[in-house]
Amino acid sequence: MQADVFEVQFERIESLSATMYNMTVIIDRIKTYNFRMCESNGIWKIEDKSQLPGWIIDFESLLSDSILSHKIKPMILG
């Protein structure tokens, strides 16, 4: 799928056992993909890739970097 515009939204979800991020990718304000990312050894991974297009999976590393940036931003701004 060739997207002209896409937007990524993420929401941090904390529980006693883990921190996760619910991710939403919106394509041209028409198509939406929702998935969860979980941390494994300091890297955020897509929990279930089975329903996602390959181009989103290809962005997994960039999405992980975005989550890491989001997590350290409050510490930097302190």
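A: Let us begin with the surface of this predicted model, where strand 1 (residues 6-14) gives the most to the nonpolar patch, with three residues.

Q: Which residues make the nonpolar surface patch?

A: The patch is made by Phe6, Val8, Phe10, Phe59 and Leu62, and together they form a nonpolar surface of about 400 Å².

Q: Is Val8 buried, partly exposed or exposed, and why?

A: A residue is called buried when its relative accessible area is under 20% and exposed when that value is over 50%, with partly exposed in between. Val8, whose place is in strand 1, has a relative accessible area of 30%, and therefore Val8 is partly exposed.

Q: How does Thr24 read by the same rule, buried or exposed?

A: Thr24 lies in strand 2, and because its relative accessible area is 17%, Thr24 is buried. Its side chain makes a polar contact with the side chain of Asn34, at 2.9 Å. Leaving out residues up to four places away in sequence, Thr24 touches Glu7, Val8, Gln9, Thr32, Tyr33 and Asn34.

Q: Which residues of the largest nonpolar core touch the most other members?

A: That core has 14 residues, of which Met23, Val25, Phe35, Met37 and Ile56 touch the most other members. Among the elements giving two or more residues to this core are strand 3 (31-40) and helix 2 (60-77), while strand 2 gives the most, with four residues.

Q: What is Phe35 in contact with?

A: Setting aside neighbours within four places in sequence, Phe35 is in contact with Tyr21, Asn22, Met23, Val25, Ile46, Leu52, Ile56 and Leu63.

Notes:
Residues are numbered from 1 along each chain as its sequence is written. This is a predicted model: local features need pLDDT of at least 70, side-chain atom pairs count only at pLDDT 80 or more; totals for chains, interfaces and linings use all residues. Side-chain values use heavy atoms; hydrogens and water are left out. Patches are made of residues with over 30% relative accessible area and no salt bridge: like charges are joined within 9 Å, nonpolar side chains (Val, Leu, Ile, Met, Phe, Trp, Tyr) within 5 Å. Accessible areas come from the Shrake-Rupley method with a 1.4 Å probe; for residues, only the protein chains shown count as cover. A salt bridge is a side-chain nitrogen of Lys or Arg within 4 Å of a carboxyl oxygen of Asp or Glu. Buried means under 20% relative accessible area, exposed over 50%, partly exposed in between (1.4 Å probe, protein chains only). A nonpolar core is a set of buried Ala, Val, Leu, Ile, Met, Phe, Trp, Tyr and Cys residues joined through side-chain atoms within 4.5 Å. Contact means heavy atoms within 4.5 Å. A polar contact is a pair of N or O atoms within 3.5 Å; within protein, one must be able to donate a hydrogen and the other to accept it, and residues adjacent in sequence count only if both atoms are side-chain atoms.
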